[in-house]
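Here is a short report on one protein chain. Please keep the sequence and the 3D view open while reading.

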Amino acid sequence: MIIKPKTKLGKWSVRLNILFLIIVIVSIILVEVLGILSFNDHWWDVTVPVAFLIEMVALFTGVRAVIKYKERSLLVYVSIFVGFLTILFVPLHSLFIND
C-alpha cells in the first residue's frame with residue numbers, strides 16, 4: 001500500500017482533510033491554550049459548519065477516488081476514516097450536551 005494518493009480526487013481529499021484538521025486544531029489552541037476566543041462566541045457558529053462541510057467534501061471525494069479510480073493510498077483511507085468519525089461525532093455529541 002502506498003502512502004501518497006495518485007489521483008486528483010485522492011489528493012483533494014487529503015488536502016481538504018488537512019485543512020479541516022488545521023481549522024480544528026487552531027480553534028482549540030485559540031480557545032483552550034491562549035484563551036483569546038470562547039466557544040460561546042459567534043465565530044464558532046460560523047467555523048463549525050464550514051469545517052464540517054470541508055470534511056464532508058473530503059469524505060465524498062475520498063470515497064469516490066477509492067470506488068471510481070481505485071485509489072489505494074493510506075492517506076485517502078485516513079481521510080475517509082476522519083470523515084466517518086466527524087459524521088459520528090454529530091449525533092453522539094448531542095447525546096451529552098447539557099443545555
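Leu21 sits in helix α1, which covers residues 8-33. The model is predicted. Is Leu21 buried, partly exposed or exposed? Leu21 is partly exposed, because its relative accessible area of 34% falls between the 20% limit for buried and the 50% limit for exposed.

Leu21 also belongs to a surface patch. This patch is nonpolar and spans about 560 Å². Its members are Leu21, Ile25, Ile29, Val33, Leu34 and Ile36.

Leu34 is another member of that patch. Its place is the loop between α1 and α2. Leu34 counts as exposed because its relative accessible area is 51%, and exposed means over 50%. Pro91 lies 57 residues from Leu34 in sequence. The C-alpha atoms of Leu34 and Pro91 are 29 Å apart in space.

Now to Leu95. This residue is in helix α3. Leu95 is exposed, because its relative accessible area is 60% and the cut-off is over 50%. Between Leu95 and Val57 there are 25 Å, C-alpha to C-alpha. Along the chain, Leu95 and Val57 are 38 residues apart.

| Residue | Relative accessible area | Class |
|---|---|---|
| Leu21 | 34% | partly exposed |
| Leu34 | 51% | exposed |
| Leu95 | 60% | exposed |

Next, the chain as a whole. The protein chain holds three helices and zero strands. Read from the N terminus, the order of elements is α-α-α. The chain has 99 residues, and 29% of them count as buried. Along the principal axes, the C-alpha atoms fill a box of roughly 45 × 30 × 20 Å.

The last topic is the largest pocket. How much space lies in the largest pocket? The volume is about 540 Å³. The lining of this pocket is made by 19 residues. Closest to the pocket centre are Phe20, Trp44, Val48, Thr86 and Phe89. Elements that give two or more residues to the lining are α1, α2 (42-69) and α3 (74-95). Which element gives the most to the lining? Helix α3 does, with seven residues.

What is the lining made of by class? There are 14 nonpolar residues and five polar ones.

Technical notes:
Residues numbered from 1 in each chain as written. Predicted model: local features only at pLDDT ≥ 70, side-chain atom pairs only at ≥ 80, totals over all residues. Heavy atoms only, no water. Patch = residues over 30% accessible without salt bridge, like charges linked within 9 Å, V, L, I, M, F, W, Y side chains within 5 Å. Areas by Shrake-Rupley, 256 points an atom, 1.4 Å probe, with all protein chains shown as cover. Salt bridge = Lys/Arg side-chain N within 4 Å of Asp/Glu carboxyl O. Helix = DSSP H or I, 4+ residues; strand = E, 2+ residues; numbered from the N terminus. Buried < 20%, exposed > 50% of the residue type's maximum accessible area, 1.4 Å probe, protein only. 1 Å grid on protein atoms, 1.4 Å probe; cavity = no way out; pocket = protein on both sides within 12 Å on 5 of 7 lines; lining within 4 Å. Points joined across faces, edges and corners; volume = space filled by probe spheres on them. Nonpolar A, V, L, I, M, F, W, Y, C, P; charged D, E, K, R; others polar.
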